[in-house]
Amino acid sequence: MRHDGHDAGERSLPEYGILIIEDDFRIAEIHRAFMEQSEGFRVVGMARSGAEAREWLARHAAQIQLVLLDAYLPDVEGLELLWLLRRDHLHIDVVMVTAAREVETISEALRGGVFDYLIKPAEAARMGQMLARFRRERAALAARGEMSQEELDRVLARVQPEAAPGGPAAEGPRRQLPKGIDRLTLRAVVAAVEEARAPLAAMQVAKAMGASRSTARRYLEFLVSVKVVSAELGYGDVGRPERRYRLVGDATPWCEEG
């Protein structure tokens, strides 16, 4: 599904293997469909118990870079699997996707070095933010032998910019578009979403503006990241979950010239 309309730069993106450890088949399938529709990710396995997860890891750990892990499994606590991953598979990042809200569970997961912790039902926009951060951090760490403190803080987003005198920090930087996003195309994407009466899939936006699906998706995900557009999971014509977008915020500061 990722071979239509991609340019050379997108084809060169690394692909990260994902193992989903979730005992609820319906939730696992929704996660699988979402991951498969996200650029740069491929689900290589799904496990419904601790035993299945260990078997997958024993045979295919080298193919896995990210694990989505539920805290509640029929034969083992998810946190036990987390510590096993931290001990035996250091190259794998773990994201807890679970209904567990107890601070004790969250605290242990954080001490165990989880990349992120998402509480069910995980919103599509929040899941997308996690994947974007995963791609960004992996790419940045793979590209350098050393990092300064400033570079590391920027990659990990650990330090927020200081507020300028007389106003919030976000007012200035928020108007600056990132590399690969231009205002003309951004306006076309916003117009397509704004004119729709229902949430649109990336392909629908692409058709409305006369661009490729990958281009439309890139701009839509940028708008999600700045909270102008929200993303939700819906079902397409063939009954498979797909990411759909609706306008929820003011796009004017991003679309206006300097």
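The legends below describe close-up views of a predicted model. Local features need pLDDT of at least 70 and side-chain atom pairs count only at pLDDT 80 or more, while totals for chains, interfaces and linings use all residues. Residues are numbered from 1 along each chain as its sequence is written, and side-chain values use heavy atoms, with hydrogens and water left out.

**View 1. Overall content of the protein.** The protein has 11 helices and 8 strands (DSSP runs numbered from the N terminus: H or I of at least four residues for helices, E of at least two for strands). Of the 258 residues, 44% are buried (under 20% relative accessible area, 1.4 Å probe, protein chains only).

**View 2. Crossing of helices H8 and H10.** The axes of H8 (residues 183-195) and H10 (residues 213-225) come within 10 Å and cross at roughly 80°; axes are lines fitted to C-alpha atoms over the stretch in contact, with angles from 0 to 180 degrees between N-to-C directions. The two helices are therefore roughly perpendicular (65 to 115 degrees). Thr185, Leu186, Val189, Val190 and Val193 of H8 meet Thr215, Tyr219, Leu220, Phe222 and Leu223 of H10 (heavy atoms within 4.5 Å).

**View 3. The largest nonpolar core.** This core has 46 residues, and Leu66, Leu68, Met130, Leu186 and Val205 have the most contacts inside it. A nonpolar core is a set of buried Ala, Val, Leu, Ile, Met, Phe, Trp, Tyr and Cys residues joined through side-chain atoms within 4.5 Å. Another core, of 24 residues, lies apart from it and includes Val67 and Tyr117.

**View 4. Helix H6.** Buried residues in H6 include Met127, Met130, Leu131 and Phe134.

How values were computed. Angles under 35 degrees count as roughly parallel, over 145 as roughly antiparallel, 65 to 115 as roughly perpendicular and the rest as oblique. Buried means under 20% relative accessible area, exposed over 50%, partly exposed in between (1.4 Å probe, protein chains only).
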